[in-house]
Amino acid sequence: MATNNVRKILTVVGARPNFMKAAPIIAAIKSHNECLSKAHADSQFVLQNVLVHTGQHYDEAMSDRFFADLNIPRPDVHLGVGSGSHAVQTAEVMKRFEEVLLAERPDLLIVVGDVNSTIGCALVASKISFDAGGSRPLIAHVEAGLRSFDRGMPEEINRILTDHLADLLFVTEQSGLDNLREEGISDHKVHFVGNTMIDSLLTFKERADRSDILDRLNIRRPNGASAEVQRYALLTLHRPSNVDQCATFLNILEGLDSLSSACPVIFPVHPRTRKRISEFGLERFFRSESANGNGRNATSGDGIQLVEPLGYLDFLCLMTHAAVVVTDSGGIQEETTCLGVPCVTVRDNTERPVTVTVGTNVLGGTSKEGIRTATHKQLFSRVSGSVPEAWDGKTSQRILEVICREFAKKTLPTSPEMATCTRTS
Ligand code: UD1
């Protein structure tokens with residue numbers, strides 16, 4: 001473990017939805033160190049961050065592109081785990097991560113979200129022992145407390161277990177606080193801080209607006225002296241429960257027929273989903289276009305337009321201008337709420353209920369009728385929503401404040417002034 005006033009943090013990312021959650025925390029650590037005041041150098045912590053990429057996602061489009069778009073530094077350690085069954089993937093993460101943890105001996109581990117890398121690394125850290133006294137790093141879980149109450153969802157298992165292992169639980173919305181209390185997790189571990197994914201969105205929104213993806217997909221076309229953005233829907237589907245069974249996937253695609261008659265539907269397709277489309281022979285629902293500017297004009301009524309998975313900035317640009325977003329992703333429900341864009345979630349439940357009660361999200365379910373009704377409603381009626389509490393772009397800063405307070409408690413339990421080690425907002 002680090003000595004003096006240096007504290008070592010080990011931050012883990014593994015899969016696509018982790019990158020936008022961790023990026024602002026890494027940036028906040030950097031700016032924390034840059035603005036340490038020389039005058040109070042002794043009472044402030046220098047934070048050394050070690051970034052570990054498990055390699056759960058490895059394609060350029062699923063990983064590297066996000067590092068570039070989000071200005072994430074190169075990982076210090078890459079575990080190269082890759083794909084596999086849940087057991088194989090999680091076990092590989094654990095085996096390889098244990099060696100890293102023993103070599104680095106951090107003071108704190110940060111895991112984000114609910115993917116297999118999240119639970120794998122939290123579980124290793126919870127049982128590690130750095131010395132005869134059994135010391136181990138503190139475990140911080142960012143995006144704690146979310147519950148779909150659907151244990152058939154692998155992420156639900158990952159969330160519950162990670163929360164019960166964590167020492168610091170950073171929560172995005174009121175339901176998270178309620179769920180953790182209900183499960184008997186002590187209040188003193190739980191911190192309502194807001195949403196780091198929204199930190200990323202607010203940081204990169206302007207840059208995303210300069211993306212040329214609308215031109216590449218022929219959605220923005222010249223109209224006299226200016227350019228006009230055509231009305232379009234944006235679709236993502238990748239949950240195993242939605243795409244791994246032919247009948248369910250077919251039903252969802254049939255439920256999208258009235259939407260694709262009403263406007264072009266752009267579908268950046270996840271590798272899992274692409275495999276299923278060809279395995280189940282569902283190509284008739286789609287037309288493939290590249291996003292490199294050589295596609296036909298986007299038009300309604302002739303199928304859903306498949307494009308390769310997009311990077312963060314291109315996707316954010318497409319979300320911002322969409323008439324409606326249809327998705328089974330968790331994070332997109334939150335991003336559309338923040339952008340004020342109508343969203344239909346193709347699931348029967350959500351672990352992010354604030355996006356429905358406060359934001360712009362509706363649950364469409366997975367039946368044909370449910371999807372048709374929800375997409376029609378969201379496309380043709382004005383939705384009004386507001387941005388949930390503390391989704392203000394300052395979440396990572398609040399997280400660092402809590403972390404530094406914890407470090408201070410461990411160093412000098414009787415000296416509360418040590419807590420003021422980060423910039424305050
Ligand atoms: C994982 C997460 C899920 C998250 C999703 C975002 C878990 C349990 N699930 O699901 O919560 O919403 O990421 O994408 O952690 N593949 C590639 N290239 C890649 C990565 C995957 O081709 O870079 C293919 C492989 O065939 C792999 C399949 O996609 O078998 C699924 O990948 P995997 O990491 O197992 O799960 P996701 O469905 O991506």
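Predicted model: local features only at pLDDT ≥ 70, side-chain atom pairs only at ≥ 80, totals over all residues.

Residues are numbered from 1 along each chain as its sequence is written, and side-chain values use heavy atoms, with hydrogens and water left out.

**The ligand and its shell**

- The ligand is surrounded by 18 residues, a residue being counted as near if one of its heavy atoms lies within 4 Å, and the closest are Gln 56, His 57, Glu 155, His 238 and Lys 275.
- An N or O atom in the side chain of His 57 is 2.8 Å from an oxygen atom of the ligand, while polar side-chain atoms of His 270 and Arg 272 each lie 2.9 Å from a ligand oxygen atom.
- Of the 740 Å² of accessible area that the ligand has on its own, the protein covers 89%, with areas taken from the Shrake-Rupley method and a 1.4 Å probe.
- Helix H1 (16–34), helix H3 (86–104) and helix H12 (271–280) are the elements that give two or more residues to this shell, and H12 gives the most, with three residues; helices here are DSSP runs of H or I with at least four residues, and strands are runs of E with at least two.
- By class, the shell holds five nonpolar, eight polar and five charged residues, where Asp, Glu, Lys and Arg count as charged and Gly is among the polar ones.

**The largest pocket**

- The ligand sits in the largest pocket, meaning that more than half of its atoms lie within 2 Å of the pocket's grid points.
- A pocket is an open set of points on a 1 Å grid over the protein atoms alone, where a 1.4 Å probe fits, with protein on both sides within 12 Å along at least five of seven lines, and lining residues have an atom within 4 Å of a point.
- The largest pocket has a volume of about 1200 Å³, and of its 47 lining residues, Pro 17, His 57, Met 62, His 238 and His 270 lie nearest the centre.
- The lining of the largest pocket comprises 19 nonpolar, 16 polar and 12 charged residues.

**The second largest pocket**

- About 550 Å³ of space lies in the second largest pocket, which is lined by 29 residues, with Pro 24, Ile 26, Ala 27, Ala 28 and Ser 31 nearest its centre.
- H1 gives the most to the lining of this second pocket, with 10 residues, and the lining divides into 13 nonpolar, 11 polar and five charged residues.

**Arg 216**

- Arg 216 lies in helix H8 (residues 213–216), and its side chain makes a polar contact (a pair of N or O atoms within 3.5 Å) with the side chain of Asp 212, at 2.8 Å.

Technical notes: Polar contact = N/O pair within 3.5 Å; in protein donor to acceptor, adjacent residues only side chain to side chain. Points joined across faces, edges and corners; volume = space filled by probe spheres on them.
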